[in-house]
Amino acid sequence: MTIDLKTIKHISKLSRISVDEQKAQKLAGDLNSIFEFIEKLNELKTDNVEPLTSVAETTLKFRSDEIKSENIREQIIKNSPEDNEDFFVVPKVVE
Amino acid sequence: MMSNITTQSLTSLVDNIKNKELSSEEVTKAFIERSEKSKELNSYISEDFSNAIDKAKKFDQNPNFDLKLPGIPIAVKDLFCTENVRTTAGSKILENFVPTYESTVTQNIWNEGAILLGKLNCDEFAMGSSNETSYYGNVQNPIDKGLVPGGSSGGSAAAVSGQLTPITIGTDTGGSIRQPASFTGTVGLKPTYGSCSRYGIVAFASSLDQAGPMAQNVKDCALLQEVISTYDKKDSTSIDFKRNQYSKELNKDIKGKKIGIPKEYRVDGMPKEIEDLWQKGIQYAKDCGAEIIDISLPNTSYALPTYYIVAPAEASSNLARYDGVKYGFRAKGENLIDMYEKTRSEGFGAEVQRRIMIGTYVLSSGYYDAYYLKAQKVRKLIKNDFDEAYKQIDAILTPSTPSSAFKIGEKKDDPVSMYLNDVFTVPVNLAGLPAISIPAGHDTAGYPLGLQIIGKAFKEQEILDVAYAMEEKIGFKNKITDWWIK
Amino acid sequence: MAKDKSEYLIERYNNVYEVVIGLEVHAQVTSNSKLFSSSSTKFGAEPNTQVSLVDAAFPGMLPVINEFCVKQAIKTGIGLRAQINKRSVFDRKNYFYADLPQGYQISQFKYPIVGEGKVVLDMPNGQKEVGIERLHLEQDAGKSIHDIDPQNTLVDLNRSGVALMEIVSKPDLRSPNEVSAYIKKLRSIMRYLGTCDGNMQEGSIRADVNVSVRLKDSKELGTRCEIKNVNSIKFMQMAIDYEANRQVDLIEEGKSIDQETRLFDTKKNETRSMRSKEDAHDYRYFPDPDLLPLEVTDEFIDNLKKDIPELPDDKKKRFIDEFKVSTYEATILVSDIDTAKYFEEVVAKMGKNKDIKLAVNWITGELFAVLNNKNLEISQSPISAKNLAKLVNLIKNGTISGKIAKTIFELMMDGDKDPQIIVEEKGLKQESDPKALETLIDKIIDDNRDKAIEYKNGKEKLFGFFVGQAMKVSGGKANPQLINEILKKKL
């Protein structure tokens with residue numbers, strides 16, 4: 001199996017990482033060699049194997065329905081690259 | 001002031017502080033002074049030295065000697081979020097990120113009286129085996145100039161080995177504690193999945209990530225493990241099990257312990273010195289009174305391909321939050337999508353982008369079953385292998401890495417050969433088991449080599465005991481020449 | 001086959017189409033704190049003031065599940081007579097958006113907490129069963145605000161992480177009216193259970209509407225379009241009507257329908273394609289490695305079952321049996337939990353000698369009219385159940401006439417006044433003393449001798465005149481029944 005440039009561009013779109021032609025070429029090369037190595041898994045028959053859900057052999061623990069976090073807007077917005085004190089600000093979204 | 005402060009083990013520093021031979025300030029200043037002289041190693045991403053001295057003075061004014069790490073200065077991997085101290089995860093995308101919160105693991109350390117020295121270099125988002133993917137530059141292995149310290153906890157391993165910090169904590173997703181420990185002649189423990197809280201640790205691959213201690217010897221490692229391993233309700237995968245007083249309960253007597261030797265770890269092209277080291281290790285274990293049993297872990301060779309599906313898949317999702325909106329780096333964009341794409345393209349380095357792409361691909365429509373689901377099935381088989389083996393043994397002994405430390409740049413452009421570094425360490429993460437790497441010898445160039453002891457889940461005490469017993473028999477001495485100090 | 005008038009069909013030339021509708025309803029779970037974080041879910045707070053580090057997806061932050069939200073989902077499942085899954089799994093649905101801080105939504109994909117169930121609708125021509133495919137728990141997103149700043153989009157994360165139940169119906173709905181009835185029924189059930197407040201103005205219930213059309217009597221499903229995020233029943237109905245006609249027109253023109261996501265434009269009353277968004281949709285679902293599978297025991301579910309109140313269908317049956325109200329009245333009375341509560345309180349307060357029929361008339365008549373006019377919920381009623389019960393009793397025992405009661409009702413609205421006190425203060429008590437009434441009537445007959453004679457000569461219409469006079473002279477207080485009896489006797 002080979003990963004072509006079209007696929008690279010599709011997954012870069014899904015990953016929201018821009019790639020130019022040169023970068024796409026390089027990624028295609030890298031990914032192809034990595035997947036060649038990954039394809040080793042195809043040797044194994046796993047039809048009747050249950051996939052692992054977690055190595056943590058415990059059950060999901062519940063939290064009680066209490067409000068513990070107060071207004072920390074200042075903290076939340078502090079690290080934002082652009083904000084107006086009340087909101088996070090992003091370039092206009094065109095629907 | 002004692003001149004040999006930085007060469008002391010954690011245990012003796014704690015003793016010297018407790019019996020007032022040393023003050024926290026003296027100890028802290030000694031490590032800072034050595035750190036200042038060791039810029040060439042590039043171990044630190046962010047230093048917090050003046051605060052550290054203030055905290056040490058404060059400790060000395062009102063010391064509490066009941067604590068386990070009284071006034072001990074510690075530098076930590078820059079993957080742990082530290083309140084008001086910049087946390088970058090080795091990435092440009094978090095270059096200016098200052099958390100307003102503290103990870104549980106680091107909080108546990110401060111609660112026992114330790115003092116933060118600074119944040120240690122690592123591979124970007126812990127993705128790497130040589131510390132070469134860090135946005136903040138390579139780390140030099142104190143063993144020799146131009147040598148990688150391993151990764152991703154490369155800065156941490158170099159800092160312990162180079163005595164810039166008495167102990168440290170790293171994180172291990174596929175070998176990121178054990179491999180650099182092996183490359184630098186130090187001890188590193190990856191605890192059972194669920195032993196140390198992941199709260200406040202920048203995530204790489206959630207089902208594999210585990211924080212763990214790194215130290216100069218097994219006892220120090222045990223003490224730090226005792227401090228950092230707590231059940232934490234803030235992490236849904238944290239496990240509430242009975243934790244030992246690992247350092248207090250440390251026991252050299254491992255007579256009759258059954259130690260398994262998995263034949264599948266004898267991989268093609270393994271250097272003879274690694275094979276020799278392993279044989280030596282087996283002999284040491286026997287000398288300690290352990291019983292050696294040949295075992296089989298038949299799916300071992302599938303571990304690495306499995307890992308390179310599972311870890312990137314989780315990473316591709318975990319790293320989606322770095323989008324230039326809430327924190328971190330943002331590139332200018334014409335619209336939201338353009339901003340995302342430029343931010344992530346400029347903010348992430350090549351290896352991180354590569355792994356995000358792999359992860360996105362294996363989860364994408366039409367490929368999920370063939371890759372991700374398949375990998376989770378194989379992961380189950382790998383875990384079953386261990387479960388089966390542990391019916392007749394107590395621990396497993398293997399080499400930590402298939403080679404000693406390599407040269408900076410040597411494997412940088414060949415991702416697959418870089419990934420092969422983790423061949424012995426990755427199965428442990430996939431199965432969620434604890435494992436420790438201890439230095440056990442040198443190769444012909446004088447570079448350290450490590451042995452790995454893998455335990456049953458939650459049996460950290462057992463592998464610490466084996467490591468402790470073997471450590472004494474091995475009598476390893478790290479060859480640090482201080483070449484970088486002018 | 002006789003054509004049922006209540007059927008919603010679209011005709012073009014000789015072709016008759018029916019519409020097939022399935023709904024994905026997003027209902028906000030009633031809880032104090034969010035699904036995976038402990039920040040408040042309260043509506044209407046200042047922007048970004050109910051946001052924790054987890055909600056804003058800071059590095060290293062992890063989700064921890066709220067037990068109450070799990071219970072709410074299971075209770076809702078029980079209310080929908082659905083299969084409760086003892087093991088369910090949280091998955092990540094990956095996509096980028098400004099108001100989705102994690103870059104993924106935690107949802108349940110393959111293994112939802114609730115499986116198949118059903119809802120019964122009361123339609124004018126009988127009952128209709130609608131299948132429930134599943135119910136799962138998921139996180140809400142934040143809010144993107146596009147109209148404050150002309151250059152930028154502003155993001156408020158207060159809603160980010162609030163628990164939602166996504167309730168997916170089978171494609172069993174056939175008309176905008178059925179959709180309306182379905183949403184109202186779901187809302188009613190959830191309000192009875194206390195699992196969702198059903199406040200549509202605050203966005204507590206929103207729906208994605210799947211619409212397809214097919215020739216009537218065809219068995220195959222047509223290509224469907226999904227109309228995203230419609231937040232009122234009226235808009236859902238309008239959107240379906242527009243979309244169904246659009247699809248029929250396409251088919252009639254020999255064109256094909258693209259399976260796509262569409263948006264309902266509430267200004268133009270039309271749906272339009274969101275194709276730009278569709279392109280990038282590959283959600284890459286996978287189990288969230290920060291969470292373990294959600295497992296609940298039989299005991300856990302049984303304890304919740306004990307907590308389930310009487311639900312609308314059962315209550316309706318009981319109202320019909322116990323109070324002898326009509327099916328129609330019962331349907332109205334149980335449609336909302338607060339109406340049912342009000343009614344039951346009125347019944348209780350009326351005591352032994354009660355006239356339930358009269359009480360129902362007053363609730364569904366006068367009271368509903370007032371609430372409607374004032375745009376109030378029954379829980380905000382200006383007249384308490386206790387006082388309405390008193391009023392009904394006053395009519396029943398002949399203290400006041402129905403007409404006077406209306407005057408008193410008006411007066412009661414001012415501060416929920418006790419009708420008994422109004423009657424006393426204003427002297428509105430009905431005159432039921434036969435002697436007094438006889439005197440009064442004698443005088444009227446005396447004053448209108450000529451008309452009395454005409455009546456006796458067969459002009460029976462004039463009876464009404466005498467009743468009117470009696471009421472007028474008594475100031476409306478004369479007991480009309482007695483007036484009738486006495487007049488008949490005297491004339």
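This is a predicted model: local features need pLDDT of at least 70, side-chain atom pairs count only at pLDDT 80 or more; totals for chains, interfaces and linings use all residues.
The face of H16(C) turned away from its buried side carries two exposed residues, C:Gln481 and C:Lys488. Residues are numbered from 1 along each chain as its sequence is written, and chains are lettered from A and ligands numbered from 1 in the order in which they are written.

H16 spans residues 480-490 of chain C, and C:Leu482, C:Ile483 and C:Ile486 are buried in it. These residues cover an arc of only 100° around the axis, so they sit on the same side of H16(C). The arc is taken from the directions that run from the helix axis to the C-beta atoms. The buried residues of H16(C) pack against helix H13 (434-447) and helix H15 (462-473) of chain C.

Now chain C as a whole. It has 16 helices and 16 strands. Both are DSSP runs numbered from the N terminus: helices are H or I with at least four residues, strands are E with at least two. The radius of gyration of chain C is 30 Å, well over the 23 Å that the globule rule gives for 491 residues, so the chain is more spread out than a compact globule. That radius is taken over C-alpha atoms, and the rule is 2.2 Å times the number of residues to the power 0.38. Along the principal axes, the C-alpha atoms of chain C fill a box of roughly 95 × 60 × 50 Å. Of its 491 residues, 44% count as buried.

Chain A touches chain C. The contact takes 29 residues from chain A and 37 residues from chain C. Residues are in contact if their C-beta atoms, placed from the backbone, lie within 7 Å. E1(A) gives the most to the side of chain A that touches chain C, with four residues. E1(A) also pairs with strand E9 (residues 152-156) of chain C, in the antiparallel sense over four bridges. Pairing requires at least two DSSP bridges between two strands. In E9(C), C:Thr153 stands opposite A:Val90.

Chain A also meets chain B. Here the contact takes 40 residues from chain A and 53 residues from chain B. H2(A) supplies the largest share of the chain A side, seven residues.

Key: A residue is buried if 20 or more other C-beta atoms lie within 10 Å of its own, exposed if 12 or fewer, and partly exposed in between; C-beta atoms are placed from the backbone. Two residues are in contact if their C-beta atoms, placed from the backbone, lie within 7 Å.
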